[in-house]
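Reader: I have a model open on my screen. Can you show me how to read it, feature by feature?

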Amino acid sequence: MTPASPARTSTAAAALLVVGASARWWTASAVRAGWRVPAVDLFADRDLVAIAATAIRLADYPRGLPAAVAPLPIAPLTYTGALENHPPILAALARDRPLAGVAADVVGRVRDPRCLRRLARVADLPFPETRSSPRGVPRDGSYLLKPRASAGGHGITPWTDTTPHPPAGRTVWQRRIAGASYSATFLVDDDGAELVGVATQVLGSLRRGAGRFAWRGGIALRRSYLPRAVTAALARLGAALTAGAGLRGLVGVDFIVGAGDAPVLIEINPRPTASAELHERQRDEALAACHLACFGRRRPAPDGGPAPRPGCWAKALVRHHRACDAGSALLAALDAVAARWTAADGGWPALGDVPAPGTTVPPRAPLLTVFAHGRTAREAARALAQRSATIDAVLDRACAAVRRRAASASRPGRRP
């Protein structure tokens, strides 16, 4: 565990702890709402360090989280993905601090396929046939092998004759559903569930190093784009989330729309999701303020971030086929393109999760996030593709320069 910025030990009431695999966007939302945020995650990226009161990079994630937050101010704690896969860690964190998030016992329940099936039945939605054993499951790719503890689609693979048998008890076998993937964000409190927004989900590319079903981006949609059958189904689902499920605050729901515009419930993520960041940019109020209010935590005073920008926002994870060193030249090149795009987008950062100086990102690992805006989803997707291509070119040039320097340094007779 290494601090990425000097620790600040003030116990002011405006402190809010943020923990998770990646804390950057949720920290930004909390800061926009007026909170002072110590954050702990896997990366301590440069833009997290810039906005957090303290940013701690934790190598022993998630087991090391309780020890990492112990010396930080006693303050409410909120979490991002994928801590829903670790209810014992959540329970340990909640023993010493007020938890501004869904409790560990509820998290474990709503991640269970049996609970999802019951919720789908209440909402009159289909739910894929899901089995806990491969007995009788055809190995023709019509079922997916899914880890019980996963996030962002990682580890999901078709069940075929060549698929290795997984360790017992760690996976389920779920019938594969054909269609387009979406994510809905709900805000749940005692009065009901507000549909904050819906985004398409762009899934993985083997060529770019992501698994076939891994989440690698999304595009927020206008509500009018959704078929009436989908809108009605989401309203029923919102009512089901409120009625005795124990959920509160921001909740993500993954679903697939296939033939006949009938949404099929796939998964519930009982915390702020990556797709929710897209809706943040469309709203007058920070989503962290809305989420925390559901837990009785009123924001101190907003800091006056960028004005909301309606339309459609899109984001994508950028990977590169070579290892990338976050040296000064690469970071300066990224800053130059980001400055132009950020100005064009009304002050909303065009790049996120930028590696800290000196970091080496392995080949095909997530390197940073790029954003784009458009009046329509198609326009946003086109702008996102153009920006992603520009970032790829920047990375290509930076990696080529590193290779040239390494080759020059290795020539015989060169002075060290």
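Predicted model: local features only at pLDDT ≥ 70, side-chain atom pairs only at ≥ 80, totals over all residues.

Reader: Now H1 itself. How many of its residues are buried?

Author: A residue counts as buried under 20% relative accessible area. In H1, 8 of the 9 residues pass that test, so the helix is largely enclosed by the rest of the structure. The buried residues are Arg 24, Trp 25, Trp 26, Thr 27, Ser 29, Ala 30, Val 31 and Arg 32. After H1 comes Gly 34, with a positive phi near 105°.

Reader: On to H10. What span should its residues give, and how far apart are its ends?

Author: The expected span is 1.5 Å times one less than the number of residues. H10 has 17 residues, so it should span 24 Å; its end C-alpha atoms are 24 Å apart, which agrees.

Reader: Which residues of H10 are buried?

Author: First the general idea. An α-helix has 3.6 residues a turn, so residues three or four places apart point the same way. Now the case here. Leu 330, Leu 331, Leu 334, Val 337, Ala 338, Trp 341 and Thr 342 are buried in H10. Gly 346 follows this helix, and its phi is positive, near 75°.

Reader: Next, a charged side chain. Where is Arg 111, and is it buried or exposed?

Author: Look in the loop between helix H5 (104–110) and helix H6 (113–122). Arg 111 has a relative accessible area of 15%, so it is buried.

Reader: What does Arg 111 meet there?

Author: Leave aside neighbours within four places in sequence. Arg 111 is then in contact with Glu 84, Asn 85, Arg 148, Ser 150, Glu 267, Ile 268, Asn 269 and Pro 270. With Asn 85 there is also a polar contact of 3.2 Å, side chain to side chain.

Reader: And Val 110? Is that residue buried or exposed?

Author: Val 110 is found in helix H5. Its relative accessible area is 0%, so it is buried. Not counting residues up to four places away in sequence, Val 110 touches Cys 115, Leu 116, Ala 245, Leu 247, Ile 268 and Pro 270.

Reader: How do I compare sequence distance with space?

Author: Take two pairs. Val 110 and His 165 are 55 residues apart in sequence and 26 Å apart in space, C-alpha to C-alpha. Ala 365 and Val 318 are 47 residues apart along the chain, with their C-alpha atoms separated by 8.4 Å.

Reader: Where is Ala 365, and what does it touch?

Author: Ala 365 is in the loop between strand E18 (360–361) and strand E19 (368–374). Outside the four places on either side in sequence, it touches Val 318, Arg 319 and His 320.

Reader: Now the backbone. Which peptide bonds are cis?

Author: Check omega. The bond from Tyr 61 to Pro 62 is cis, with omega near 0°. Pro 62 is in the loop between strand E4 (54–57) and helix H3 (65–69). Another cis bond joins Gly 81 and Ala 82, with omega about 0°. Ala 82 is in the loop between strand E5 (77–79) and helix H4 (87–96).

Reader: Which residues other than glycine have a positive phi?

Author: Among them are Ala 44, with phi near 45°, and Asp 124, with phi of about 60°. Ala 44 is in the loop between strand E3 (38–41) and H2. Asp 124 is in the loop between H6 and strand E6 (130–131).

Reader: Are these two buried or exposed?

Author: Ala 44 has 3% relative accessibility, so it counts as buried. Asp 124 has 57%, so it counts as exposed.

How values were computed
Residues numbered from 1 in each chain as written. Heavy atoms only, no water. Helix = DSSP H or I, 4+ residues; strand = E, 2+ residues; numbered from the N terminus. Buried < 20%, exposed > 50% of the residue type's maximum accessible area, 1.4 Å probe, protein only. Polar contact = N/O pair within 3.5 Å; in protein donor to acceptor, adjacent residues only side chain to side chain. Contact = heavy atoms within 4.5 Å.
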